[in-house]
Amino acid sequence: MIDARRLRTLQAVADHQTVTAAAAALYLTPSAVSQQIAALEQELGHKVLERDKRGMRVTGVGQILLRHASQVLAELERAEAEVAAYTSGDAGEVTIAAFATGIAVVLAPAITDLSSAHPGLRIQVRDAEGDASLPMVLDGRADVAVAVEYRGAPSADDRLTRIPLYAEPFDAVLPLGHRLAAAETIAVSALADEPWIGPYPGNPCHDVMVLACEYAGFKPRLEHSSDDFRAVVALAAAGAGVALVPRSALRDTDLSHTAVRPVDDVVATRRVFAAVRRGAEGHPLLRPVLDALQRAAGAIPPSA
């Protein structure tokens, strides 16, 4: 019999490339991870990992195991959900990883909703960029992610169930005296020769910005980088460049020295979703959370 804990350990090493990183994600010591892998290899009579220049490489046998591991672990999640439902588990703790704006827009209202409808639920929030929350769910460090679509995201990973929440446009943020400041809407292509301000590569909003510019026929000249949109707006106000910023991220931000205009590009849109490990979506502790997130998303004003 293959121990399911060892399958999860193998998944973590495959995801994180090194034993040390997998151990940190699983809250284990590197030696404990190595022992789990060694025991798995002894059970199978085959190597599942090999070391190469970049870290640990999954062998052919390991790849076979990983394909089945997703199914096995999902069934275990469903079994735990059914047991919890049978025992009427309406009290417990749920950890949610979400990016800052997602916390403000949907998670905080959902927590208010849950506090009256499900007082037995204790919610723990972990602030995580859109590219970090999904691995936290896969590693078991969080139960729910509020995440953003981005290039290379494990959003299509068959270990996850996704629940769409909302989509919002990006607005162009320009210095107040910019030549396009008086325009009603702005074509992204009109900003091709401008210096740009934006998030660092790896941030989902960086990918939206680059993709929108690519569709408009150019590569943005990114001269200033910050993952804090207040800093991005301040730099635009100082005349350092132009930016595309998610509309909700502009709330409660000083825009008095900028011109904020909608863009005529559907590519410049941020799509936000919740995600749980596949099989866990029916868990009696998680289902109310997912429902509350969807209600909060449905209450977002169209202009938000």
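The largest cavity in this predicted model is lined by Arg8, Gln11, Ser70, Leu73, Ala74, Glu77, Leu138, Arg159, Arg277 and Arg278. Two elements give two or more residues to this lining: helix H1, which covers 4–16, and helix H4, which covers 60–86. H4 provides the largest share, with 4 residues. Sorted by class, the lining of the largest cavity holds 5 charged, 3 nonpolar and 2 polar residues. The charged group is made up of Arg8, Glu77, Arg159, Arg277 and Arg278, because Asp, Glu, Lys and Arg count as charged. The space inside the largest cavity comes to about 100 Å³.

How many cavities of 30 Å³ or more does a search of the whole structure find? The search returns 2. The second largest cavity holds about 30 Å³ of space. Its lining consists of Arg8, Gln11, Ala12, Asp15, Leu26, Leu138, Asp139 and Arg159.

Which elements each supply at least two residues of the lining of the second largest cavity? They are H1 and helix H6, the latter covering 133–139. H1 gives the most here, with 4 residues, whereas in the largest cavity the largest share comes from H4. By class, the lining of the second largest cavity has 4 charged, 3 nonpolar and 1 polar residues.

The open space is described next. The largest pocket contains about 450 Å³ of space. It is lined by 21 residues, and those closest to its centre are Ala100, Thr101, Phe229, Ser248 and Ala249. Three helices each supply at least two residues of the pocket lining: H5 (100–117), H7 (204–215) and H8 (229–237). Among the residues closest to the centre, Ala100 and Thr101 fall within the range of H5, and Phe229 within that of H8.

Which helix gives the most to the lining of the largest pocket? H5 does, with 4 residues. The pocket lining divides into 9 nonpolar, 7 charged and 5 polar residues. In the largest cavity, by comparison, the lining has 3 nonpolar and 5 charged residues, and in the second largest cavity there are 3 nonpolar and 4 charged residues.

Key: Residues are numbered from 1 along each chain as its sequence is written. This is a predicted model: local features need pLDDT of at least 70, side-chain atom pairs count only at pLDDT 80 or more; totals for chains, interfaces and linings use all residues. Side-chain values use heavy atoms; hydrogens and water are left out. On a 1 Å grid over the protein atoms alone, a cavity is a set of points where a 1.4 Å probe fits but cannot get out, and a pocket is an open set with protein on both sides within 12 Å along at least five of seven lines; lining residues have an atom within 4 Å of a point. Grid points are joined across faces, edges and corners, and a volume is the space filled by probe spheres set on the points.
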